[in-house]
Amino acid sequence: MAGNQGTTEDQASVVTFDSSARLQVQNYSLASGATPALAYRGGGTNFQAGLSTAQGALRAGDPGLTPLLLFMSDGCSSTNGDATMRAIKAEFPTIHVHTIACGSGADHRTLTNLAHAGGGTFHAAPDVTVLQQQFVHIATNAGAVDGLIAEFAQQIADAVSNRLVLDYL
């Protein structure tokens, strides 16, 4: 996700990952009003794949926008993403990194370390309500005064909440 403090120029890219990563949305204009469709597969968690794909999406983004990386997981990965996160921070020194531990059994330590590797902030979201609150908090602190980022965050939170419900049934 990249933005200019809540202007209509704000854009988002979405990467989903399990044992592999997929770029689902690239440079989506938050002002478009359309809701991007996201598909999830499941089956393993590979931080390295997700972060490498996110790094490519950041490279393809508008260099005039300030990058924001929201990394959500339960923290249980078959790979350590710290080195890739440090590389992302080195390549994009103005990036704002937020890791979010999703679910009540999430590995907070792993996601805290990942946030620190990117010079960012860790957030815990044990349930869908808290996840939505975290999105609003992050969007507010990013300067999303016009609500575009908050609206997109709500769309992502809704999609993630549906996935969390399926995972825990």
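The structure is a predicted model, in which local features require pLDDT of at least 70 and side-chain atom pairs are counted only at pLDDT 80 or more, whereas totals for chains, interfaces and linings use all residues. Residues are numbered from 1 along each chain as its sequence is written, and side-chain values use heavy atoms, with hydrogens and water left out.

Secondary structure was assigned from DSSP runs, with helices (H or I) of at least four residues and strands (E) of at least two, numbered from the N terminus. The protein chain has 5 helices and 6 strands, which follow the pattern β-β-β-α-β-α-β-α-β-α-α when read along the sequence. Of its 169 residues, 45% count as buried, where buried means under 20% relative accessible area, exposed over 50% and partly exposed in between (1.4 Å probe, protein chains only). With contact defined as heavy atoms within 4.5 Å, residues 24 or more positions apart account for 67% of the contacts in the protein chain with a separation of 6 or more.

A pair of aromatic rings is described by the distance of the centres and the angle of the planes. Rings of Phe, Tyr and Trp (its six-membered ring) were paired if their centres lie within 6.5 Å, with planes under 30 degrees apart counted as stacked, over 60 as edge-to-face and the rest as tilted. A search of the whole structure finds 3 aromatic pairs. In one of them, the ring centres of F17 and F47 are 6.2 Å apart and the planes stand at 80°, so the pair is edge-to-face; it links distant parts of the chain, F17 lying in strand β2 (residues 11–17) and F47 in helix α1 (residues 47–60), 30 residues apart. F47 counts as buried, at 1% relative accessibility. The rings of F17 and F71 have centres 5.2 Å apart and planes at 25°, so this pair is stacked, and it joins strand β2 to strand β4 (residues 66–73) across 54 residues. F71 is likewise buried, at 4% relative accessibility, and ring pairs link F17, F47 and F71 into a cluster.

Strand β4 also holds S73, which is buried with a relative accessible area of 8%. Apart from its neighbours within four places in sequence, S73 is in contact with F17, T45, F47, I100, A101, C102 and L111. A polar atom of the S73 side chain lies 2.9 Å from the backbone nitrogen of G75.

A nonpolar core is taken as a set of buried Ala, Val, Leu, Ile, Met, Phe, Trp, Tyr and Cys residues joined through side-chain atoms within 4.5 Å. Of the 17 residues in the largest such core, L51, L69, F71, M85, I95 and L114 touch the most other members. The elements giving two or more residues to this core are α1, β4, α2 (82–91), β5 (96–102) and α3 (108–117), and the largest share, 4 residues, comes from α1. A second, separate core of 7 residues includes L68, I100, L131 and I138.

In helix α2, the buried residues are D82, T84, M85 and I88. Seen down the axis of α2, these residues fall within an arc of 165°, so they line one face of the helix, the arc being that of the directions from the helix axis to the C-beta atoms. The buried residues of α2 pack against α1, β4, β5 and α3. Leaving aside neighbours within four places in sequence, M85 is in contact with L51, L69, V97, L114, A117 and G118.

Conventions. A polar contact is a pair of N or O atoms within 3.5 Å; within protein, one must be able to donate a hydrogen and the other to accept it, and residues adjacent in sequence count only if both atoms are side-chain atoms.
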